[in-house]
Amino acid sequence: MSTFLYKIGKTAYNKPWHFIIAWVAILGIVGALIGINGIHTSSEMKIKGTEAQKVLDQLAKELPEASGGQASVVFTAPKGERLDTPERITAVMKAINDVYGIEYVINPAEAAAAQGATATNAQTDAAAPDKTQGTETDQAAATQQAPYGPLMVDGNPVPGVMISSDGNVALFQFQFTVQQMSLPQEVIDSVVADVTAVEQANLGIKALPSDTLVGKPAIGATEGIGIVVAAVVLFITLGSVVAAGLPLVTALLGVGISVGGAYSLSKFIPMTDITPALAMMVGLAVGIDYSLFIVNRQRRMILDQGLSAREAASRAVGTAGSAVFFAGLTVIIALCGMIVMNIDFLSAMALVAAASVFINVLVALTLLPALLGLVGERICSDKARKKNKEQGKVSRQGTAHRWANGVVKRRWLVILGVIVVLGAAAIPAAEMKLGMPSGDTANLDTAARQSYDAISAGFGEGFNSPLLLVAEPASSSDKVTPELLGKLVQDIQQHDDVAIVSPMGINETGDIGIISVIPKSGPTDEATNKLVQELRDQDSNISQNNKVTLGVTGFTAINIDMSAKLAEVFPIYIGIILILSLIILLLVFRSIIVPIKATIGFLLSILATFGITTAVFQWGWLHDLFGFDTGGPLLSFMPIMVSGILYGLAMDYQVFLVSSMREAYVHGHKGTSSVVDGYQQASRVVVAAAVIMVSVFAGFILTEDIMLKQIGFALTIGILIDAFFVRMALVPAIMAVFGDKAWSMPKWLDRILPNLDVEGDKLIAELNKSANQKDNKEMKKAKPSRAH
């Protein structure tokens, strides 16, 4: 591998424009594809096979009119005033009628008139589905106990609109003909524009669209802060503006191609709007770090060994490039391991992020040496060469040397201290609760949170977590009749956590009855989760007494099922990447102890990371510092995604740090001397790489999107813990405990494992051999002939 990469590096250095033009052309092609295909992303996340999704798929097949996406808008009057004054009613009704006139929005009055059926009751969260039969249940009776009712205009209820008893808040609920991920963006924009137009009437009305109608905040200037910090760290580490600029250029081009490529394919591959942002987050971090490792190695070869820039660049790609290749491969494998979970949106995130890493590895191994070829000997200034020559071996006794010696001497104290600190940090993880972001955890100044609070105040928190029930006869010979549906409504209404139940109709064949249920509890409350499970229970009194099976779906039920499924597969995924860790590190380091040590270190890092993240985002510790107002569940897919990314990045540090220790061991340093020497050689660049990654990830903590905020925070904390507690302290301490035994391996295993030559020993040996042969030939030519 190292010899192959050496040849690539030399070719790129000698013919830089071939590689530069090729990569720029690829970027141009990606840009053209975006222009042709456009950008198509969605905020919808679903998992096939969950109970809620099965019910939704069944409705889409048998009763598509009832399976469309649902949304709501809250209209509020100034505090203490009523919304149902003539002027305000006129403005609100205009907005409602405008929305019902938009394509893809179901108008319940028109649908009912077309079928000769009664329009959907105003309390339900969807319009009356087509091809349904009306029921004889008095739907108004269901609201007699509630402090709200339908909005009345000219003595008639307005379909889909409710008003609180004090008249201060009105809730407008409507349904699309398709799921929201299938809607053109202009439809959602039109809905938001029509409802917010009421604010222009200067009547004190405020329109608050639900969070499903509010787009995700765009990635903005806050993420650029990380790049600025990375530039400063690169300059300090490499000591040159030119050298510092190369990793930034290569990383930005790699991210441009990978993220742009994701957008260009979004028309054909369903993709959430957070997917490209994750690819950018990971791509920037690894792209900068991988190029940093290679540039730093080249500079050290120039300064310490006196090599030319050309030869040093080729050797750096062959040696440090091998470590980059296997480090990147580790990240890619960890990310692709998520595909085993068989969760579509998570697989898309993993593949796009893995592609971003892959592209950045290729860029570091091909474009970077090409750029180094343009820079030439300027990669090291005369000042840097002179300073290095003057310092000589004195620099070896710097901070890294003293720290490594201190860790080695106090190895058992360091091991115990790290375990105790990280173990304490992991304690909150035992109470980690998973869920999806909703209005109740949004910041107080957002429309989503204000809409949530207004609904809760006017109608009860459960109106933010509506459920859609599908009733089917337990026996295929039975049918769902209006009488049966009415009895089901009455039985469900008796449940302690049910606020209101409304029948929505029966399909033509009588196979399916649809019921809307409004809980008393909110979407992330445990009581709502319990209600969903009890309604699904086929052995419950409701199901047994009515001889039906109940399916539960809706946005709330889908999120509950998603969180449960992801929590279920998380231990499986951790098991997969731990096994991968042992195999990959066994191949790379040809050691039994090193892989086990690295895996234990990763477990400590990930547990402590989730513990701190739980304390901050769930318990609300330091919430003001990190820019959010209310604690809540952790993002349901965050543990899997963060584990995959953090594992890969942690193994990056493991490869670069421990491979340096192995290189020192191979070159004659024994016992703890190899630990200190290897640490001294690699620690500076590993610390710089960690600081850069932390800077990039920390930039995402400042975004408004709570999902990116949580992921950015978890990765920031995870890198800090893994780099500075585990790799910089725990690893050298454990390596010092085992000494030379850390590199031992059973002879039978040593014979069957391939030698990947990550440290480039074979390459250096071949180069030295070639150099000696060349010297011998020159000496023979120079030797005077004895012939007369």
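User: In the hairpin of strand 9 and strand 10, which residue takes a positive phi?
Analyst: This is a predicted model. The hairpin of strand 9 and strand 10 has 5 residues between the strands. A positive phi near 75° is taken there by G510.

User: Over how many bridges do strand 9 and strand 10 pair?
Analyst: Strand 9 covers residues 498–507. Its V498 has P519 of strand 10 as bridge partner. The pairing is antiparallel, and the bridges number 7.

User: What is the bridge partner of L468 in strand 10?
Analyst: Strand 8 (residues 467–473) runs antiparallel to strand 10. The two are joined by 5 bridges. For L468, the partner in strand 10 is S516.

User: Are the faces of strand 10 covered or open, and how many of its residues are buried?
Analyst: In a regular strand, side chains alternate between the two faces of the sheet. On one side of strand 10, G513, I515, V517 and P519 are buried. On the other, I514, S516 and I518 are buried too. Both faces are covered, and the buried count is 7 of 7.

User: Where is the kink in helix 22 centred?
Analyst: Helix 22 spans residues 672–699, and its end C-alpha atoms are 39 Å apart. Still, helix 22 has a kink of about 45°, centred on A682.

User: Is V241 buried or exposed?
Analyst: V241 is found in helix 8. Exposed means over 50% relative accessible area. V241 has 63% relative accessibility, so it counts as exposed.

Definitions and conventions
Residues are numbered from 1 along each chain as its sequence is written. This is a predicted model: local features need pLDDT of at least 70, side-chain atom pairs count only at pLDDT 80 or more; totals for chains, interfaces and linings use all residues. Side-chain values use heavy atoms; hydrogens and water are left out. Helices (H or I, at least four residues) and strands (E, at least two) are DSSP runs, numbered from the N terminus. The expected span of a helix is 1.5 Å times one less than its number of residues. The bend at a residue is the angle between axes fitted to the seven residues ending there and the seven starting there. Buried means under 20% relative accessible area, exposed over 50%, partly exposed in between (1.4 Å probe, protein chains only). Two strands pair if DSSP finds at least two bridges between them.
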